[in-house]
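Let's take a walk through this model, strand by strand and then into a few loops. Have the 3D view open as you read.

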Amino acid sequence: MSDTVPGADRRAERGPVLRKGVGIPASGWFDPRGRALGGFAFSANRVTGLGLVFYLYLHLGVLSLLLRGERSWDDFIRLATSWAFLSLDVVLILGILYHGLNGIRVALVGSGLVADRQRALWWSLGVFGTIALVAAALHIYGSR
Amino acid sequence: MTAVGGATGMRTFRVYRYKRGEPGWRFDLFDVPVTSRTTLLEALRWIQLHLDRTLAIRHSCLHASCGTCGVQVNGREALACVTGVDDLGGTITVEPLANIPVLTDLVVDMREFVERFPEEIPSIRAVASSPETDTPDGIDGYERFEDCIECGLCLSACPVSATSDGYVGPAALAAAQRLLEEPRGTDPDRILDWADDPLGAWRCHAAFECTAACPSNVAPAERIMALRGALAGRRGGA
Amino acid sequence: MMTPSAPRAARDAPRVLIVGGGGTGGALAHDLTLRGLRVTLVERGEFTSGTTGRHHGLLHSGARYAVADQDSAIECIQENAILRRICPGSFEENDGLFVALTDEDMAYYDDFVRGCKGCGIPIQELTTDEALRLEPLLNPETRAAVRVPDATMDAMRMPMRFFATAKHHGARLFNYMEVLGLVTADGSIVGATVRDHVTGSEGEIRADVVVNATGPWSETIARMAGVDVPIVPSPGVMLAVRGRLCNMVLNRMHRSGDGDIIVPQRALSIVGTSSWTVDDPDDLDVPEDHVQRMWEEGARLVPAVAGAEFRAAWSAARPLIGSRAADSGRELSRTFETIDHADDGVGGFVTLTGGKATTLRGMAELCGDVICRKIGIDRESRTRTFVTLPHTAFYADADRRIA
C-alpha cells in the first residue's frame with residue numbers, strides 16, 4: 001500500500017524482554033518475590049549444588065596437603081577438629097541431605113510417578129532429612 | 001469504578017513505561033483515589049483516563065476469562081482485573097509480564113507466547129457427566145471451554161523460561177497433555193513426538209511456579225509431569 | 001466445511017478505514033476484505049476491550065426479544081445458526097432454558113411460546129421434572145421451563161477469529177492506535193489523524209470511506225465529523241462467581257429485567273444484568289446496589305449462587321439506538337443500523353452501530369452492502385459461509401497453521 005501508518009515499521013521489531021532478578025542471567029532464580037514452595041525448592045537446589053561443587057574443589061585442595069608432608073597435614077587436622085570447622089561440617093551435611101533428598105523428590109515428580117504430590121513430598125522428605133541432620137550433628141559434636 | 005466519589009484513600013502506583021520512539025524504559029509515579037473494592041485494572045484505567053492517555057494497558061473481559069490483563073505487580077504475576085488494590089502493600093509497582101517481548105508500556109506481544117503451542121490448541125472439553133443428570137435431546141454430553149485462558153502468567157513465572165527462550169514453556173506443554181486426555185481427532189503420537197524434545201517436556205526443572213501463578217486451575221506443572229510420565233512409558237515400552 | 005482462500009486486494013482497490021476494534025469493526029474488516037477492498041482498522045486499546053469483550057458471553061437464541069422486539073429476535077436466531085458454522089469450537093453448545101418461577105412469569109408463558117414460534121426460534125416445552133434433571137441446581141420451585149438454542153460464546157476469542165481471518169487476507173489491523181480527529185476535504189471525510197501508542201508518534205491515515213464502528217463511543221467519533229448519531233450508552237452490571245452452577249444458559253421467563261440470566265463460562269457462572277444510561281461510556285460505575293441485585297436475582301434462578309465465591313463485578317456499556325430521553329435503556333431497540341452520513345451532508349463517512357455480540361456478522365454484511373453501493377462496487381458478502389480461522393492465527397504467520 002502506498003500510504004504508511006505511523007509507527008508501523010517499528011511495531012514489527014522485537015521489544016525488550018523483562019526478566020526477574022537484577023539483570024544478570026539466572027539471578028531471577030533467586031528472586032524471592034512471588035515465589036511459592038516449589039520455587040524456593042528450585043532455588044535451594046541450585047544453591048546447594050553450587051555449594052557442593054565448591055566443596056569438592058575445597059576437598060581436593062585439602063587432600064593435596066598430604067603431598068606437603070605430615071606437618072602440614074597435622075596442622076590441618078588441628079583446624080579441622082575446631083568447633084567452627086565442625087559447624088561448617090554440619091552445614092555441609094545439610095547441603096548434601098537437601099540436595100540429595102530434593103533430588104529424589106524431583107526424580108519422583110519429574111518422571112510422572114508422583115506427578116501431583118510435590119508439596120507433600122517436600123515436607124515428608126524434609127522431616128526425614130531434619131532427623132538425619134540432627135543425628136549427624138549430635139554425632140559430629142559428640143565425637144569431639 | 002469512579003473511585004473519586006466514594007474514595008477512601010490514595011495509593012501510589014509505580015508503572016513501567018516503554019515507547020518504541022523513545023530511548024529505553026522508565027517508571028512513572030501516579031497517585032490514584034481508591035476504595036476497598038477497587039481492582040488494579042480499575043486503578044490503571046483511571047490513570048489512563050484522568051492522568052495519562054498514552055498509558056497502554058491490555059484488557060477485555062474484566063472477569064478473568066479472557067486472559068489479556070496479565071501483569072507483574074510487586075514482582076508477582078497476577079490478572080489485574082481480579083487483583084484488589086487493598087491486598088497490595090506499599091507503593092504498587094506494576095510491570096508487564098516477564099519472558100515475553102514488550103510491545104509498549106504494560107502490554108506484551110503475545111505472538112511469541114502463542115507460537116510455542118503445538119499445532120492444535122484444545123479449546124473445548126467435555127463436562128464430566130453424572131448419573132443423576134440428563135442432557136437435552138440431541139446433545140450427547142455437555143461441553144465447556146478449557147480452563148486455560150492463554151494469559152501467559154505461567155510463562156512469566158517459570159524460572160527456566162527466564163534463561164531459555166527456546167523452551168516451549170508450561171502453557172504449551174499443558175495444552176499438549178490436555179490433548180492426550182481428550183484428543184478430539186488429534187493423533188496422540190504426534191503430540192508426544194512434539195513434546196519429546198530437549199526444549200520440550202524435558203526442559204522443565206520442577207519449580208512449580210507455573211502452577212502457583214495460574215489463575216485458572218490448569219495446574220501446568222502437574223500436567224508436564226504427567227506428560228513426562230507418558231513419554232517415559234513410551235520409551236520403556238516401545 | 002473447508003475454508004476457501006481469498007485473493008488479496010488489488011493495489012488500486014478502494015481503501016476503507018474502520019475506527020473501532022470491537023466485534024463490529026472486526027467483522028466488518030473481514031467482510032470488506034473478502035470483497036476485495038483494502039481495509040485498515042484502528043483501535044485505541046486492545047481489540048475487543050470496549051464493550052465486546054465484557055459481555056456475559058451469551059450466543060442469543062433471540063427468545064428474550066421474541067415478544068417485544070421481534071426484529072431483534074429474528075436477527076439473533078439467524079446469526080446464531082451462522083456463527084456456529086463459521087466459528088466452530090468457539091461456543092459451549094449446551095442450549096438454554098427459560099424458567100418460570102412466579103404467577104407473573106406463567107402469565108407471560110403463552111406469549112413467549114407464541115413469540116418464539118413466530119420468529120422461527122426452535123423451542124421445546126419441558127416439565128419441571130425434566131428441567132430439574134437437566135439442571136439439578138435450578139430452583140426446585142420452577143413452574144415451567146422452555147428449552148431454547150442459546151449457547152455460551154467466548155466473548156473475546158470468537159470475535160478475534162474475524163480479526164485473524166481479515167489479517168490473513170491482507171487487512172491491516174492496528175491496536176493501540178487512537179483517532180484524534182478526522183480529516184476533511186470538500187465536505188467529505190478523507191481520513192483520520194491518529195496517535196500510535198506503541199511508538200508515541202502521530203500521523204494521518206487516508207481512505208475513501210471512514211467507518212465509525214465504535215459502539216457506545218459512536219457519538220464521540222461522529223462529532224469529529226460534525227454529525228450526530230442517536231446512540232445512548234447504556235451500561236449494565238455483571239457478576240462472576242466461581243463454580244459452574246449450570247451447563248445450559250438459564251433465563252428468567254419475563255420481559256427484560258435485572259439479573260435474569262446466568263451464563264456458564266468455563267469454570268465460572270456469570271449473573272447479569274442491569275441497565276441505566278450515561279453520557280460518557282468511559283469510566284463506568286459499578287454500583288454496589290446493582291451488584292447486590294445480581295446476587296439476589298441469580299439466587300432466585302439457582303439458589304447455590306448465594307453461597308458461591310465472588311470472582312468479579314464489572315460494567316459494560318451497550319450501544320443503544322434511540323433518543324437520549326430514554327431513562328433506563330430497556331425501552332430502546334436492540335437492532336443495529338448503518339448510517340450513511342451523506343444524508344447529513346458529509347461524504348465518505350458511515351456509522352455502523354447498535355446491535356449485539358450475536359449479530360456482529362450480520363451487521364457487517366449490511367454495512368458492507370451500503371459501503372459497496374456508495375463507492376460503486378458490485379460485490380456480495382461471502383461471510384455467511386466462510387469458515388473463520390482460529391483466533392490464534394492472528395498471531396501466527398500466514399503459512400503456519402495453528403489449530
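This is a predicted model: local features need pLDDT of at least 70, side-chain atom pairs count only at pLDDT 80 or more; totals for chains, interfaces and linings use all residues.

Residues are numbered from 1 along each chain as its sequence is written, while chains are lettered from A and ligands numbered from 1 in the order in which they are written.

Start with a three-stranded open sheet in chain C, ordered β3-β8-β4 and paired antiparallel. The edges belong to β3 (58–59) and β4 (91–92) of chain C, each with a single partner strand, so one side of each has no neighbour in the sheet. Strands here are DSSP runs of E with at least two residues, helices are runs of H or I with at least four, and both are numbered from the N terminus. Two strands count as paired if DSSP finds at least two bridges between them. β3(C) and β8 (residues 151–153) of chain C are joined by two bridges, and C:L58 has C:T152 as its bridge partner in β8(C).

Now move to strand β5 (residues 96–100) of chain C. Five of its five residues are buried, so the strand is largely enclosed by the rest of the structure. Buried means that 20 or more other C-beta atoms lie within 10 Å of a residue's own; 12 or fewer makes it exposed, anything in between partly exposed, and C-beta atoms are placed from the backbone. C:G96, C:F98 and C:A100 point one way from β5(C), with C:L97 and C:V99 pointing the other. Four bridges pair β5(C) in parallel with β15 (residues 249–252) of chain C, where C:L97 sits opposite C:L250. Five bridges link β5(C) to the antiparallel β7 (residues 144–148) of chain C, and there C:A100 faces C:A144.

Next stop is C:V241, in strand β14 (residues 231–242) of chain C. It counts as buried because it has 25 C-beta neighbours inside 10 Å. C:V305 is 64 residues away in sequence, yet the C-alpha to C-alpha distance is 7.6 Å. Beyond neighbours within four places in sequence, the contacts of C:V241 (C-beta atoms, placed from the backbone, within 7 Å) include C:L268, C:V305 and C:F310.

The peptide bond from C:G272 to C:T273 is cis, with omega near -25 degrees; C:T273 is in the loop between β17 (268–272) and α7 (288–301) of chain C. C:D186, not a glycine, has a positive phi of about 55 degrees, and it counts as exposed, with 7 C-beta neighbours inside 10 Å.

Methods:
Two residues are in contact if their C-beta atoms, placed from the backbone, lie within 7 Å.
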